[in-house]
Amino acid sequence: MTRALDRETISTRQQAIAELARKAPETALLTLAHHIDLRWLEEAYRRTRKDGAVGVDGVTAEAYEQRLHENLSDLLERFKSGRYRAPPVRRVHIPKAGTKDKTRPIGIPTLEDKVLQRAVLMVLEPVYEQDFLGCSYGFRPGRSAHQAVEALWQGLMGIGGGWVIDLDIRSFFDTMERSHLNAFLDQRVRDGVVRRALGKWMQAGVMEDGVLSRPERGSPQGGVISPLLSNIYLHEVLDRWFEREVKPRLRGRAFMARFADDAVLTFEREDDARRVMEVLPKRFQRFGLTLHPEKTRLLDFRRPSRAGKGCGTQRDRSFDLLGFTHYWGRSRKGRWVVQRKTARDRFRRAMRQIGQWCRFNRHLPLAEQQRALSRKLRGHDAYYGITGNARALSRFRFATYRSWHKWLNRRSHATRLDWSTFNRLLKRYPLPPVRVVHSIYVT
């Protein structure tokens with residue numbers, strides 16, 4: 001009961017912060033750190049994942065919880081007094097999803113760093129949620145990738161497709177210029193205690209194989225505060241600029257959908273799209289960012305009946321966002337509609353992962369394999385199960401059956417499992433059917 005009351009109290013205080021920010025949209029808030037007290041830190045600790053890898057200090061959640069009250073009290077005192085030192089982030093390389101040899105680096109902050117970043121995020125989020133625009137969907141409370149995809153679909157259908165700028169920012173999270181980020185923060189948050197902590201996280205550096213490096217650009221590595229800072233950056237660089245400076249100068253309708261650093265800009269008129277395409281690189285360069293010259297492109301995405309002849313192949317007139325390929329296709333009634341299907345690279349990656357799992361776990365009991373594969377298929381449907389994508393979901397099911405059959409056949413050279421036998425096995429160990437989780441027909 002006490003914890004529930006504490007959460008309700010913190011929620012009320014966050015609402016008060018949001019109301020203050022809403023009433024003074026052009027004012028920088030000078031006092032926010034006083035909201036962060038011991039109860040606030042306790043709630044931040046509750047919201048922090050505790051099953052992840054440890055940071056450079058090697059402290060686990062189990063060890064930290066043995067003296068949780070004393071540890072959080074000490075953390076609070078160091079934060080308020082300025083004695084808190086942000087430790088470097090431990091960098092490790094993990095296999096890149098769906099590839100054999102490639103890896104990607106990830107940053108692992110210490111548990112205490114995660115808790116304090118979460119506490120500061122809980123203060124800053126109510127402020128910036130009053131400022132962020134409706135076109136932004138990534139890493140925001142109550143918003144999701146599926147909402148971004150749906151908003152894009154609605155907008156495309158509303159203007160008949162139009163001209164699309166498929167935007168790709170090169171190494172965005174590693175190239176943000178901190179001088180610009182600090183200037184953006186100055187516009188809204190000038191609390192000395194909070195800003196001091198943010199500065200320390202940006203300067204903390206990265207520890208890899210015992211070697212400490214301090215990148216001069218980029219957002220804090222691996223922490224929960226990084227997505228918010230990235231949204232603040234692109235809110236100023238792209239979102240507000242597009243809404244306040246670009247759209248009023250256009251001759252036709254236009255809209256944007258952005259999820260973190262993935263963005264699609266859509267225009268009703270070709271001349272509007274080409275003018276914006278010309279100034280976009282200069283706009284991003286002004287803030288230390290670079291558009292990928294090959295991946296950033298302008299494409300004719302008008303409804304085929306309007307586009308006429310000579311408009312290229314379907315691949316030339318399609319684009320990907322958040323794992324879905326958007327293209328024009330015929331509805332059951334024969335009308336041209338924007339359709340979405342699982343992007344080719346995502347489909348291949350998911351199938352490669354299924355194949356690898358079946359290979360390395362083929363000697364497990366069949367019931368255990370069935371449960372694991374069922375979880376994977378439900379997880380796949382939970383993301384890719386949108387209206388109009390049933391065909392790709394079915395293909396994924398069939399490909400999963402083939403992988404399972406292939407590796408069960410290699411459990412032993414003595415016995416071979418033909419397809420009729422495998423189909424009888426599926427009746428005993430069935431996998432879940434295709435499910436459209438995100439249906440436009442269900443409200």
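## Getting to know a predicted model

Me: At roughly what angle do the axes of helix α13 and helix α14 cross?
Reply: Helix α13 covers residues 344-360, helix α14 covers residues 366-384, and their axes come within 11 Å. Helices (H or I, at least four residues) and strands (E, at least two) are DSSP runs, numbered from the N terminus. Axes are lines fitted to C-alpha atoms, for helices over the stretch in contact, with angles from 0 to 180 degrees between N-to-C directions. On that scale, the crossing of α13 and α14 is at roughly 170°.

Me: So what do we call the way α13 lies against α14?
Reply: Angles under 35 degrees count as roughly parallel, over 145 as roughly antiparallel, 65 to 115 as roughly perpendicular and the rest as oblique. With a crossing of roughly 170°, α13 and α14 are therefore roughly antiparallel.

Me: How many of the residues in the contact of α13 with α14 are nonpolar?
Reply: Contact here means heavy atoms within 4.5 Å. From α13 come Arg346, Ala350, Ile354, Trp357 and Cys358, and from α14 come Gln369, Ala372, Leu373, Lys376, His380 and Tyr384. For the classes, Ala, Val, Leu, Ile, Met, Phe, Trp, Tyr, Cys and Pro count as nonpolar, Asp, Glu, Lys and Arg as charged, and the others, Gly among them, as polar. The contact has two polar and two charged residues, and the nonpolar ones number seven.

Me: What kind of model am I looking at?
Reply: Residues are numbered from 1 along each chain as its sequence is written, and side-chain values use heavy atoms, with hydrogens and water left out. Local features need pLDDT of at least 70, side-chain atom pairs count only at pLDDT 80 or more, and totals for chains, interfaces and linings use all residues; this is a predicted model.

Me: Which percentage of the chain is buried?
Reply: The chain has 16 helices and 11 strands, and its C-alpha trace spans about 70 × 65 × 45 Å along the principal axes. Buried means under 20% relative accessible area, exposed over 50%, and partly exposed in between (1.4 Å probe, protein chains only). Of the 443 residues, the buried share is 47%.

Me: How does α15 lie against α16: parallel or perpendicular?
Reply: The axes of α15 (residues 390-408) and α16 (residues 419-428) come within 11 Å and cross at roughly 110°. That angle makes the two helices roughly perpendicular.

Me: Which residues of α16 make the contact with α15?
Reply: On the α15 side, the contact uses Tyr401, Arg402, Trp404, His405 and Leu408. By class, the whole contact has seven nonpolar, one polar and one charged residues. The α16 side supplies Trp419, Phe422, Leu425 and Leu426.

Me: Which strands stand at the edges of the open sheet of four strands?
Reply: The order is β2-β1-β4-β5, with mixed pairing; two strands pair if DSSP finds at least two bridges between them. Two of these strands have a single partner each, so one side of each is left without a neighbour in the sheet. Those edge strands are β2 (103-108) and β5 (211-213).

Me: Which residue in the hairpin of β10 and β11 has a positive phi of about 85°?
Reply: β10 (residues 324-330) is largely enclosed, because six of its seven residues are buried. β10 pairs with β11 (residues 336-342) in the antiparallel sense over seven bridges. Five residues lie between the two strands, and the one in the turn with that phi is Gly334.

Me: How far is the C-alpha atom of Leu291 from that of Arg170?
Reply: Leu291 sits in the loop between α11 (270-286) and β8 (297-300), and at 11% relative accessibility it counts as buried. Leu291 touches several residues, including Leu167, Asp168 and Ile169. Leu291 and Arg170 are 121 residues apart along the chain, yet their C-alpha atoms are separated by 5.6 Å.

Key: Lists of a residue's contacts leave out its neighbours within four places in sequence.
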